[in-house]
Amino acid sequence: MHQTYDDTEMATIRRSGSGWQVLIRRKNYVGPRSRTFLSRDLAQSWANAVEDRKKKVFRDNPITLGEAINDYINGPLLLHRSAENEKYPLRVTAESWLGDIPMKDLQIKHFAVWRDERLLKVKPNTVMRELRILRVLIDWARDERGAEIKDNPARHLRVRGTGDARAPFFTDQDEKRLIYELSQMSNQNHLRLTKLALATGFRRSELLSLNWRNIDLKKRIIYMNRKNCAATDYSSGVRLVPLPGKAQQILEELSGRNGKIIELSKGAARNGFDKARTKAGLESLRFHDLRHIAISRMWSSGMNALEISACSGHRDIKMLMRYSHYQLSF
C-alpha cells in the first residue's frame, strides 16, 4: 500500500512479512527512514507523527536567510544558554533586507553592507557579537538543514574597532555607595546577589540558578551546571568551583537553606540593580562589570591563571586575560 502527503511523497506503507513497514521518502529528512509495526494502524500513526513533526519543526530546506533564522530560533537556539539575548538581533536581521537574500546568493558584500548599517546604530563589539551568532547559524543551516550554500561568507567578514572587554573603573567608595543603596531595599536578595557576584565572579544567570544542593559549605565547593558554548556544542556539564572565603561567609549567614539561594526573577534582579546603581551615581556600571571586577581582584590577590579559571569557568587563557584590569579597579 502507498501513502502520500502534501504534494510530495512522504511515506510508503507496505506489507513486510507478518507486519507493516513504513518507508520515509522525503528528501533531506533527518531521522529513522524505516520502521516495522505489527498492524497497519500503528504504521499509519507513526507515519502521521513523522509528518506532523516535519510540519511543526521544518517544512523544507531554508531558501532565504530569514527562513534559516526562523528555523534556527525554533530549533537549536532553544537549547542555548543565551537564547533570549540571541533571539532579538536574529529577529531584527530576519525582518531586514538581509533576511530576504536567498542562501545560495549570500556573499560577503551583503554582510559588509549589513555591518556598516549596524555600526551606525551600535558599537563595533555589538556588531561582532551579532556576527558570531550569524556565523554559527549559517553553518548549521548548511550542515544540518541542507541549505544551498557552499561557503559561509560571514566567516570572512571583519569588524574594525572591536577591542578588549570593558575595563570598569570601580573604586572602594563606588562599592560602598552601591552596597548602601542595595541594603536600603526591602528585598535583601538584591544585596546578596551583588555581594556574591563581587565575591565569586559568577554571571547573574549563574547566581540566580544556584540551589543549595549545588553548595557544599564543608568542602567549600560549588557544583556549577553550565551549558557549553553554542559554537562548540549544545551539551552541558558540571564544573567544581572553589568557594571563596567572602562568598562562604555570605552563605553561612543565610538561614532556611532549601531551594534557590537567591529568590529573584531575572527581571526583578535587573530592575533592582539598575535602581541601586542610579541612586549611587553609577549609571554606566553594568551587572556584568562585577564579574570583571571580581576576576581582576583575583589577579591582584596573587591567584594564578589556573586558580582563576577554575572560579570563572574560562577555558581560553586569552579570554581570561581580558578580565585582568585590577590596576584600574582600585
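A residue is called buried when its relative accessible area is under 20%, exposed when it is over 50%, and partly exposed in between. The exercises below apply this definition to a predicted model.

**Exercise 1. Overview of the chain**

Task: State what share of the residues in the chain is buried, and how many helices and strands the chain has.

Solution. 
Step 1. The chain has 330 residues, and 45% of them are buried.
Step 2. The secondary structure consists of 13 helices and seven strands.
Step 3. Turn to contacts in the chain with a separation of 6 or more: residues 24 or more positions apart account for 57% of them.

**Exercise 2. Packing of two helices**

Task: Describe how helix α4 packs against helix α5, and classify the residues of their contact.

Solution. 
Step 1. Two packed helices are described by the angle between their axes and the distance between the axes.
Step 2. Helix α4 covers residues 108–119 and helix α5 covers residues 124–145; their axes come within 9 Å and cross at roughly 145 degrees.
Step 3. The crossing of α4 past α5 is right-handed.
Step 4. On the α4 side, the contact is made by Phe 111, Trp 114, Arg 115, Arg 118 and Leu 119. On the α5 side, Pro 124, Val 127, Glu 130, Leu 131, Leu 134 and Ile 138 take part.
Step 5. Sorting these residues gives eight nonpolar, three charged and no polar.

**Exercise 3. The nonpolar cores**

Task: Identify which residues touch the most other members of the largest nonpolar core, and which element gives the most to this core.

Solution. 
Step 1. In soluble globular proteins, nonpolar side chains tend to be buried together.
Step 2. The largest nonpolar core here has 38 residues, and Leu 251 and Ile 261 touch the most other members.
Step 3. Several elements each supply at least two residues of this core, among them α6, α9, α11 and strand β6. Helix α7 gives the most, with six residues.
Step 4. Beyond its neighbours within four places in sequence, Leu 251 is in contact with Leu 196, Trp 212, Ile 215, Leu 217, Leu 243, Arg 257 and Ile 261.
Step 5. A second, separate core has 31 residues, including Met 128, Ile 133, Trp 140 and Ala 154.

**Exercise 4. An aromatic pair**

Task: Determine the geometry of the pair formed by Phe 273 and Phe 287.

Solution. 
Step 1. The whole structure contains two aromatic pairs.
Step 2. The ring centres of Phe 273 and Phe 287 are 5.2 Å apart, and the ring planes stand at 80 degrees.
Step 3. Planes over 60 degrees apart count as edge-to-face; therefore the pair of Phe 273 and Phe 287 is edge-to-face.
Step 4. Phe 273 belongs to helix α10, whereas Phe 287 lies in the loop between α10 and α11, 14 residues apart. Both Phe 273 and Phe 287 are buried.

Technical notes
Residues numbered from 1 in each chain as written. Predicted model: local features only at pLDDT ≥ 70, side-chain atom pairs only at ≥ 80, totals over all residues. Heavy atoms only, no water. Axes fitted to C-alpha atoms, helices over the stretch in contact; angles between N-to-C directions. Helix = DSSP H or I, 4+ residues; strand = E, 2+ residues; numbered from the N terminus. Left-handed = near helix turned anticlockwise from the far one by under 90°. Contact = heavy atoms within 4.5 Å. Nonpolar A, V, L, I, M, F, W, Y, C, P; charged D, E, K, R; others polar. Core = buried A, V, L, I, M, F, W, Y, C linked by side-chain atoms within 4.5 Å. Buried < 20%, exposed > 50% of the residue type's maximum accessible area, 1.4 Å probe, protein only. Phe/Tyr/Trp six-rings, centres within 6.5 Å; stacked < 30°, edge-to-face > 60°.
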